[in-house]
Amino acid sequence: MCVCVCVIAHACRHLWIRVWVQAGGCLSRRKGRALEVCGLKSAGSRACDCGPGLQGPQPTATMVGKGAKGMLNGAVPSEATKKDQNLKRGNWGNQIEFVLTSVGYAVGLGNVWRFPYLCYRNGGGAFMFPYFIMLIFCGIPLFFMELSFGQFASQGCLGVWRISPMFKGVGYGMMVVSTYIGIYYNVVICIAFYYFFSSMTHVLPWAYCNNPWNTPDCTGVLDASNLTNGSRPATLPSNLSHLLNHSLQRTSPSEEYWRRYVLKLSDDIGNFGEVRMPLLGCLGVSWVVVFLCLIRGVKSSGKVVYFTATFPYVVLTILFVRGVTLEGAFTGIMYYLTPQWDKILEAKVWGDAASQIFYSLGCAWGGLITMASYNKFHNNCYRDSIIISITNCATSVYAGFVIFSILGFMANHLGVDVSRVADHGPGLAFVAYPEALTLLPISPLWSLLFFFMLILLGLGTQFCLLETLVTAIVDEVGNEWILKKKTYVTLGVAVAGFLLGIPLTSQAGIYWLLLMDNYAASFSLVVISCIMCVSIMYIYGHRNYFQDIQMMLGFPPPLFFQICWRFVSPAIIFFILIFTVIQYQPITYNHYQYPGWAVAIGFLMALSSVICIPLYALFQLCRTDGDTLLQRLKNATKPSRDWGPALLEHRTGRYAPTIPASPEDGLEVQPLHPDKAQIPMVGSNGSSRLQDSRI
């Protein structure tokens, strides 16, 4: 076989080698390497991709070791053979999958059951002004920061902290938060599954008060014309408006169905009672669905989100069209939108707006970093962050119309003010709204649609929460075995989540669910996000980070984002933290006051994620080289040697390798012809030996 070789030496310590293989090789050029030749499959090893027309029938040389993984993705930047794919970790099938997954992650249950309530409570339409101000100055900048952070390093919430190893505890804090949320979030989904299955009947079980679980205080909203023969209690008064305005004992059939049948609610958080087997079964269904959708990681979940992220908008539109055609819907919508401008001057309104933006976008959960890590390196995450953030907030506003049109109809039917039927959280999703649906013709159909929408909204977020944990574990271990066994890691995390969620299906489960919701993901998220901003902008350095983004996107972040990242967003985050502390009130559920020991557990859950940051910082300081504390501190905060783009083809500029192969690179070159030449090479195990090659 005839092989022609052209060797070009550069005078400034950088060696350029261009190997032309006429029969069986492919073109490869690398800066700062003694030799890198690509070929076809040989001796069970993978060769890097060759461009069309450059392949031949015989292999020439094969790169093996860690460095070869980067070679799998193309030969030379700007050449036709270049590929922007990470074959080791995988990438999204296309950019639509990433956008839909991120929309499904950001748009969750809070958009439906929290934002509309906050809006009407804080001045209606006037609340929109501080809400969108916080979106522009805090929400979108933080969203862009997390997406660019994960995409640049192609690592999960742990691996990205190669940027400053001392702050890796922030990544562990994100994992703890995602664990808490993932446990109780799937319990909410399982309750939605239960209501969905219960709606498969011709009469909704929470429509009337003639069931075994109802009490004498139960009073339905349906009048005599809507009731079937014999279904109306003999004690039901004809003047429901008078009853609702003057009777303190009135309970709705939907509330009694929720408390006395679905939950069989105990009288105290410490009284677990029995495990509700129907809920336990639905919890198993929820985790099985989540696992099956993530069985192949982003490759499978990226296909599922085409449905789970888009169909909720179809359901919202159907419910909106049906809602606005009902009598009293306009009253409900006006109650939702009518501005009370005097409330803009209240600090609480601005605090609620900032908190809602921060929590609804999923900042500091680790999910945004994880999802972006599967992007291709040059993906325009700046564009994506704006699209996803605006979509999330627009969905919240749109959901408000859907919720309040139905609640306005219900208030009109009862002859009461809309505030009497408005609620938030589980009270809206499983009590107030289901009761309003009983007033509609073909009510089981509307109930099926509503709870199916809640299931899909919850699953979109749950996918990312589970993938965050799995990706962090796999990236941290990082060997070939765990990459091949990622499905088993996903299964193990899902099983653990199911087992930890069992106590939440007991008779005291709703108390624990609300405790976790109020404490596990509250001020700890604010602290984590604040430290992340400070560590990137001031420890790693804002100029370095802006250069990284320019390398990745082709342009630096706009001046507005630079100012927000350095000054505005950290100030707003600090404001949210202060506001959260000042406005703190002990948790309650309806009229139940949580005991002190339960509140203490809540604070321990909140601290368990934050405490990871100082503990890991101390651990890193102890294991870092240095004669003095200041020297150790400097070494612990500077980027590690492997910080930067994951693929060799993207490591340009200050990340470009400028020295020959080293043990850290783990490069090996297999021989072209054993009898021609011998050159010393360094293997992935660090041992030097003679290797044969032909130059």
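Hi everyone, let's start with helix H6, which is mostly covered, with 27 of its 31 residues buried. Buried here means under 20% relative accessible area, exposed is over 50%, and partly exposed lies in between, using a 1.4 Å probe and protein chains only. Helices (H or I, at least four residues) and strands (E, at least two) are DSSP runs, numbered from the N terminus.

A quick word on the source: this is a predicted model, where local features need pLDDT of at least 70 and side-chain atom pairs count only at pLDDT 80 or more, while totals for chains, interfaces and linings use all residues. Residues are numbered from 1 along each chain as its sequence is written, and side-chain values use heavy atoms, leaving out hydrogens and water.

Now the core. The largest nonpolar core has 188 residues, and Tyr-195, Phe-430 and Tyr-594 have the most contacts inside it. Helix H6 (residues 168-198) gives the largest share of this core, 19 residues. By nonpolar core I mean a set of buried Ala, Val, Leu, Ile, Met, Phe, Trp, Tyr and Cys residues joined through side-chain atoms within 4.5 Å. Leaving aside neighbours within four places in sequence, Tyr-195 is in contact (heavy atoms within 4.5 Å) with residues including Trp-206, Trp-258 and Phe-430.

Next, two serines. Ser-148 sits in helix H5 (residues 128-153) and counts as buried because its relative accessibility is 1%. Its side chain reaches the backbone oxygen of Phe-144 at 2.9 Å. Not counting residues up to four places away in sequence, Ser-148 touches Cys-381, Tyr-545, Ile-549 and Met-552.

Ser-609 belongs to helix H23 (residues 596-610), and its relative accessible area is 0%, so Ser-609 is buried. Here the side chain reaches the backbone oxygen of Ala-606, at 3.0 Å. With residues up to four places away in sequence left out, Ser-609 touches Gly-173, Val-176, Val-177, Ser-524 and Ile-528.

Last, a proline. Pro-503 lies in the loop between helix H19 (486-501) and helix H20 (509-519). At 38% relative accessibility, Pro-503 counts as partly exposed. Beyond four places in sequence, Pro-503 touches Phe-272 and Gly-509. Thanks, and happy to chat!

Methods. A polar contact is a pair of N or O atoms within 3.5 Å; within protein, one must be able to donate a hydrogen and the other to accept it, and residues adjacent in sequence count only if both atoms are side-chain atoms.
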